[in-house]
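Let's go through this one in a few quick questions and answers. Have the sequence and the model open side by side.

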Amino acid sequence: MRVLAIPGSLRNDSYNAKLLYNSVELFPADVVLDLWAGLKSVPPYDEDDDGVDAPAAVVELRDAIARADAVLIATPEYNHSIPGQLKNAFDWVSRPVATNPMRNKPVAVIGASTSAFGGVWSQAELRKVLGALGARVLDVELAVPHAHERFDQFGRLTDGNFMEQLTAVVDTLLLAVAEREARIELTA
């Protein structure tokens with residue numbers, strides 16, 4: 001099984017990337033967790049540039065999503081919404097609508113923010129966008145507020161309650177993949 005992890009922040013010391021790194025140990029040993037760090041390379045969406053000659057970073061993202069059995073996204077919150085670069089990346093991924101690589105793919109959205117709410121608004125907005133793409137957006141939530149106080153100097157999440165919630169998100173994602181594979185086998 002392959003899970004694609006996408007941090008929604010461009011920052012080098014991103015709390016959301018740290019959140020994804022903390023999930024690594026929660027997956028079984030036979031699960032490959034790929035961290036996609038190419039968000040900064042995705043150009044602004046322009047339909048004129050899409051198609052067979054789409055930019056390399058876009059092709060890389062689409063291919064990474066297509067290869068994955070599930071996607072785990074950690075998003076910060078900018079002005080009570082999704083970071084522009086993350087939304088832009090999914091605008092690229094959404095084409096072509098009927099066959100985009102997110103279609104029917106299990107996806108979980110989590111986030112960390114320095115605010116008191118932990119990015120709940122951006123997570124809700126991103127779930128809406130992913131649902132419009134046809135992704136199977138899981139009904140899980142993990143919002144880590146005051147993120148600047150939640151990680152140690154090595155990037156480890158220090159609050160056991162949030163680790164339990166992260167474990168529940170990972171378990172739900174794994175279960176969704178297993179259920180999807182079982183449905184595929186039944187129809188084959």
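Q: What covers the buried residues of α5?
A: First, the ground rules: this is a predicted model, where local features need pLDDT of at least 70 and side-chain atom pairs count only at pLDDT 80 or more, while totals for chains, interfaces and linings use all residues. Residues are numbered from 1 along each chain as its sequence is written, and side-chain values use heavy atoms, with hydrogens and water left out. Helices (H or I, at least four residues) and strands (E, at least two) are DSSP runs numbered from the N terminus, and contact means heavy atoms within 4.5 Å. On that basis, the cover includes β1 (2-7), α1 (15-23), β3 (70-74), β4 (106-112), β5 (136-137) and β6 (143-144).

Q: Which residues of α5 are buried?
A: Buried means under 20% relative accessible area, exposed over 50%, and partly exposed in between (1.4 Å probe, protein chains only). The ones that qualify in α5 are Phe 162, Met 163, Leu 166, Val 169, Val 170, Leu 173, Leu 174, Ala 176 and Val 177.

Q: How many Å apart are the end C-alpha atoms of α5?
A: Helix α5 takes in residues 160-187, 28 residues in total. The expected span is 1.5 Å times one less than the number of residues, so α5 should span 40 Å. The model agrees with that, as the end C-alpha atoms are apart by 41 Å.

Q: Which residue caps the N-terminal end of α5?
A: Look for a polar contact, a pair of N or O atoms within 3.5 Å; within protein, one must be able to donate a hydrogen and the other to accept it, and residues adjacent in sequence count only if both atoms are side-chain atoms. Here a side-chain oxygen lies 2.8 Å from the backbone nitrogen of Asn 161, and the capping residue that supplies it is Asp 159.

Q: Is Ser 9 buried or exposed, and what is its relative accessible area?
A: Ser 9 lies in the loop between β1 and α1, and a polar atom of its side chain is 3.1 Å from the backbone nitrogen of Arg 11. Not counting residues up to four places away in sequence, Ser 9 touches Ser 14, Leu 39, Pro 76 and Tyr 78. Ser 9 counts as buried because its relative accessible area is 11%.

Q: Where is Ser 113, and what is its relative accessibility?
A: Leaving aside neighbours within four places in sequence, Ser 113 is in contact with Glu 77, Gly 118, Gly 119, Val 144, Pro 145, His 146 and Ala 147. You'll find Ser 113 in the loop between β4 and α4 (120-133).

Q: Is His 146 buried or partly exposed?
A: His 146 sits in the loop between β6 and α5, with a positive phi near 50 degrees although it isn't a glycine. Most residues other than glycine have a negative phi. Its relative accessibility is 28%, so His 146 counts as partly exposed.

Q: Which residues does the cis peptide bond with omega of about -15 degrees join?
A: Most peptide bonds are trans. This one involves Pro 96, found in the loop between α3 (84-93) and β4. With omega about -15 degrees, the cis bond joins Arg 95 and Pro 96.
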